[in-house]
Structures are given as structure tokens and as C-alpha cells.
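Subject: Structure for you to look at

Hello,

Here is the structure I promised to pass on. Please open it first, then read my notes below.

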Amino acid sequence: MSSRKKKQGLERARTVGAASVLEGVDASLLDIVDHVLTKGIVLTGDVVLGVADVELIYLRLSALLCAFDRIAERQAGATPPERRRAP
Amino acid sequence: MYVYALTDQRPPRRELLGKGMQRRPLSVVRAGKTYAVVEQSDACEATTAALIAHDRVVRRLSRLLPAVLPLRFGTVADGADAVRALIAPASPFLEPAFERVRGAVQFTLRVSGLPTSSPPIDPRLGPGARWLAERAAHHVVPELASLIDATRPFVRALRVERRENAPDLADVYQLVGRDDVRRWRAAFRHSLEGLPSGVRVTMTGPWPAWSFAELR
């Protein structure tokens, strides 16, 4: 890479200003916890049917598996959204 | 049996699966056209080491196989028949889920900083329409409009979760085909120059398609 292009690259990096990108190890650990505990498929023997992200029918609430966020919500007194049973 | 992930293709060689969080060899339980990757273990305690180990297994599988649906931490079944019984109700939804994640990886963006004002909801809307509009607003990040526009050509699917606890603004998950990763990265970095002042983005990845492993 020429020295002029190198200088332009450095100047561009400095002018990004408040926006910055971090690709650090700490961020990765937070993501691992988020992904593994709150994302991914949950196999409980039940099915949630949804249209356009709106949960229309929830057949049965089974025991949840080791999800910290659910436990934290219960401890905070949050109530889960109401579910309508299928007829 | 502890279940890590589902795939629609039998792994080429069992030894390539490696070992699970209890250091036991992983194996496969076939359920129709689906294969569950399992470990003979009843471990479920969500220690940091266990979470990292679960993630490591899923990442290994995602490198090995083209379509992997990660399972959330803690799925334990009492044998192969129980694994099949767990999978059975989800069967009609698995094929589109596999297609969605096939050959793709996820990038996770954590957005923080000063929020941009969202346009007010039309006061003439009825209660139902208002509820839908408020719910839709939860999945919009105006602070990232330029970034999302710039990366749109390379994003197969997008998921947005707004945060209510400042300075965290939102979590954004983008599903990108492996062949588009280089172009996505270039578009992402270029778009950062257009972010509003005071907005900060932390990007990690590529990850397996955690946020897109949905049954719908």
C-alpha cells in the first residue's frame, strides 16, 4: 500500500468520531451468554405459532430450561404476556 | 442426553464432532430427516464454562455442516427416543428453518449512545393498530438507518431488539451468507462514517445463526 493511501486510511479512521467498532474478547463473552441462554431453538414438546412476530397461539407452557433472563424477569416481578389457549 | 443442535445432514465422520462439555464424545440421534447432536450427559448447570463449552460445540458443528440450528442451553432428554419425541412436534417447521440458516453466519451488533427521536404514532389509529405500531417500533433502530441500508444487499435476515435501559439502544442481529461476508464487512465499516454523533456500535461475529434458529 502506498504511503499516501496509508495516510488517507488513518485519517478516515480518526474522522469516524463517536462511532467506533470493538471486536474484543469481553464483548464476545457477553454475546456467548446472550446467544446460548436466550437464543436458539427451545424444544419443549410444544409449539408457538406466530404470524408477523405476533404470538397468536401458545399451546402449553412447559418448564423453561436454565434461561437466566426468564429467571431474572420473575425475580423482578415481571408478568409474562397473556396466552390464549387453542380451542 | 444433552442436546446441542439440530442438523439436516449426517456428519461425515463421528470423530469430527469432537467432545461435549463433559468431555464425552458427541454422537447423533436421527429423527426422520433431522439429526440431533448429543452428548451422553445430564449436565445443565449454567456455569460460565458450560455456556462457553455449549457455544464451542455449536460453532464446531457450524463449521462442519452447512445448516445447523443451535439449541438453547439446557436441553436434556432421557435417551434417544425422548430426543425424537422432543423433535417430533417441531418437525413441520424444521425444513424452512434449515433453509433459512443454510450457508449463513450471524453478526451481532450492540448499539449504545444517544437515542434518536422516533416519529410519533398517528393519534388517529385505533387501539389495535396502535398496539401493532408500538410493537413494530420495537423492531426499528432509526440510529442505524444508514448502516442497515448499506448492508441490506448482503443481509439474508435481520432481527432487531430495542433496549429500554440507556445507554443501551438496541441489539441487532444480521444473517449473512458466507459468500457475502467480505462484502458485508466492507459495507459495514464504510457505513460507520454515517452514524449519528454519540452512537456507538460493537460488532462481533461471525457466529452460528443463534438468533435465526426459530421455528415458525
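Chain B has a mean pLDDT of 89, and 97% of its residues reach 70 or more; pLDDT is the predictor's confidence in each residue, from 0 to 100. This is a predicted model, in which local features need pLDDT of at least 70, side-chain atom pairs count only at pLDDT 80 or more, and totals for chains, interfaces and linings use all residues. Residues are numbered from 1 along each chain as its sequence is written, chains are lettered from A and ligands numbered from 1 in the order in which they are written, and side-chain values use heavy atoms, with hydrogens and water left out.

The model scores ipTM 0.84 and pTM 0.73.

Four strands of chain B form an open sheet in the order 2-3-1-4, with antiparallel pairing (strands pair if DSSP finds at least two bridges between them). Its edge strands are strand 2 and strand 4 of chain B. Strand 1 and strand 4 of chain B are joined by 3 bridges, and B:Ala5 has B:Pro70 in strand 4 of chain B as its bridge partner.

What does B:Leu69 touch, beyond residues up to four places away in sequence? Its contacts (heavy atoms within 4.5 Å) include A:Ile41, B:Leu6 and B:Phe98.

Regards

Key. Helices (H or I, at least four residues) and strands (E, at least two) are DSSP runs, numbered from the N terminus.
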